[in-house]
2 protein chains.
Amino acid sequence: MLRGLAAIDEIELTAVVNVGDDDRIYGLHLSPDLDTVVYTLAGVHSETQGWGRTDETWNVMDELAGFPLDSTFRLGDRDLALNLYRTTRVSEGATLSEVTGELSKALGVACRVLPVSDDPVRTKVRTAEEWLDFQDYFVRRRHSVTVSEVRFDGVTDARPAPGVLDALSDCDAVVIGPSNPFLSIWPILAVPGVREAMGGKRVMAVSPLIGGAAVKGPLAQLLVSLGYSLDTAGISSTYDDLLTDLVVHRGDEPSIGIGPRVHATDTLIQEPAAAARLASEMISWLR
Amino acid sequence: MLRGLAAIDEIELTAVVNVGDDDRIYGLHLSPDLDTVVYTLAGVHSETQGWGRTDETWNVMDELAGFPLDSTFRLGDRDLALNLYRTTRVSEGATLSEVTGELSKALGVACRVLPVSDDPVRTKVRTAEEWLDFQDYFVRRRHSVTVSEVRFDGVTDARPAPGVLDALSDCDAVVIGPSNPFLSIWPILAVPGVREAMGGKRVMAVSPLIGGAAVKGPLAQLLVSLGYSLDTAGISSTYDDLLTDLVVHRGDEPSIGIGPRVHATDTLIQEPAAAARLASEMISWLR
């Protein structure tokens, strides 16, 4: 969706990105959501893996497999280079938003990409037994456990990164991607000041459901285990009364009246052309 | 030399290794001297590079060159894997000596390899203008500046790693490799207790000079700029009165009487067979 919006010349776009998935693995500062956004906008995101780089090699990971270490979390050689860069710069005192700007520039990304905060926010999920770090849950356990609660450690002390509040309060509209509300959008909205900055704005979300089901990931399980209905109305409820508009996949229109205005179209984005088409429809509806 | 000694079945060998070259680069915990020792004993040290691994690839470094970062310090993909392993384990609370044991095991090294200390010791060299970190001096400036002083930050608080003092005080003899005394041996001897543990021992050093010159590195410049004579007597002096025996290259015998007993042979070690021959000569002299 972001790639589609970025291709429309007439709009000025700022991407505000979740940092709740960030973690320190192999001593490196990982920011998976920021990297997916930057890689996607740079046209080097691996669609086949669903994360990391295209044209990737795995020499470091292949060697690491010879050491007695959990190497479930696989980073390709090119992806590692980016993470070494970020880790070095952060250790030198650069902020995450500065580094993200540098990486965007190095990869030729014109759209402004901002982490929601330069301060650490860490998503944790509660299972029957324990609280898990996000990457333990998502990568190591492949989100196969039932989650009864989600929290964002550090978020009450996190300050919005420079530019985030201005971008949200000065814009004509905020659009929320077809992401997992609990894991990707809630940790953004939970940063103090972010939700307030959107007060009175057009806020349009794209539902991540297709044919009443999640395309990938643990969305369906989370909707159910966290007490929401597994349908478009459930998605809308996860945002409380934040949305003015909700874009849903054709056929997924809610059967009951919900708060936001509903727009139906084909929301399944499998190639750049589909992203471009969805983005222009969204802009038309917002206009 | 160590490889030659390790090949002699009848001796029990412990290598006590300098950590003054250790540094944090790209966010990783680097221990170049430990790695050179472990790689050499494992038979995977790159003789052509003089550091790092054989059969190395450079995918990560090639990618890193696209980011605005000083990437003078090059780590191959396999070398990076080892450094990611060490960084991860140290961040989990493992000591450097524990990690070195794990790495030795993973690489099939039987000889016990110990860092002289698990605490940080950082070699700094003074130039006309400033104090430089070791890697800035050695790698980034290719040791091309004149050094007027050497110091080892942290060494007064550094405790010998577990096993180091026992190895030195319980052994039949200590041998000191044909290394740079100032940069590789002094930071070992400066750890409190190390020199004392060798009291009354046979201590045999191998001079790093060949035909009165240094085979590689900044040894010759350092001998001169730090006030020692550029000859075997100068090498001996760098150890004060520690040595009982000094092995020198044939033709480099000191012309004046020096403290330690002098043994002359071919000390130029260019392949494993030469290391084995030198090691058995050393053992014979010690016996």
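This is a predicted model: local features need pLDDT of at least 70, side-chain atom pairs count only at pLDDT 80 or more; totals for chains, interfaces and linings use all residues.
Student: How many residues does the contact take from chain A and from chain B?
Tutor: Residues are numbered from 1 along each chain as its sequence is written, while chains are lettered from A and ligands numbered from 1 in the order in which they are written. Two residues are in contact if their C-beta atoms, placed from the backbone, lie within 7 Å. By that rule, the contact takes from chain A 23 residues and from chain B 23 residues.

Student: Which helix supplies the largest share of the side of chain A that touches chain B?
Tutor: Helices are DSSP runs (H or I, at least four residues), numbered from the N terminus. At least two residues each come from H3 (59–64), H4 (77–91) and H5 (96–106) of chain A. The largest share, nine residues, belongs to H4(A).

Student: What rotation superposes chain A on chain B, and how are the two copies related?
Tutor: The superposition is by least squares on the C-alpha atoms of residues with pLDDT of at least 70 in both copies. A rotation of 180°, with 0.0 Å of shift along its axis, places chain A on chain B with an RMSD of 0.0 Å. The copies are thus related as by a two-fold rotation axis.

Student: Which residue of chain A has the C-alpha nearest the axis?
Tutor: Here we look at the C-alpha atoms of chain A and their distance from the axis. The nearest one lies 3.4 Å from the axis, and it belongs to Gly27(A).

Student: How are H4(B) and H5(B) oriented to each other?
Tutor: Their axes come within 10 Å and cross at roughly 140°; axes are lines fitted to C-alpha atoms, for helices over the stretch in contact, and angles run from 0 to 180 degrees between N-to-C directions. Angles under 35 degrees count as roughly parallel, over 145 as roughly antiparallel, 65 to 115 as roughly perpendicular and the rest as oblique. H4(B) and H5(B) are therefore oblique.
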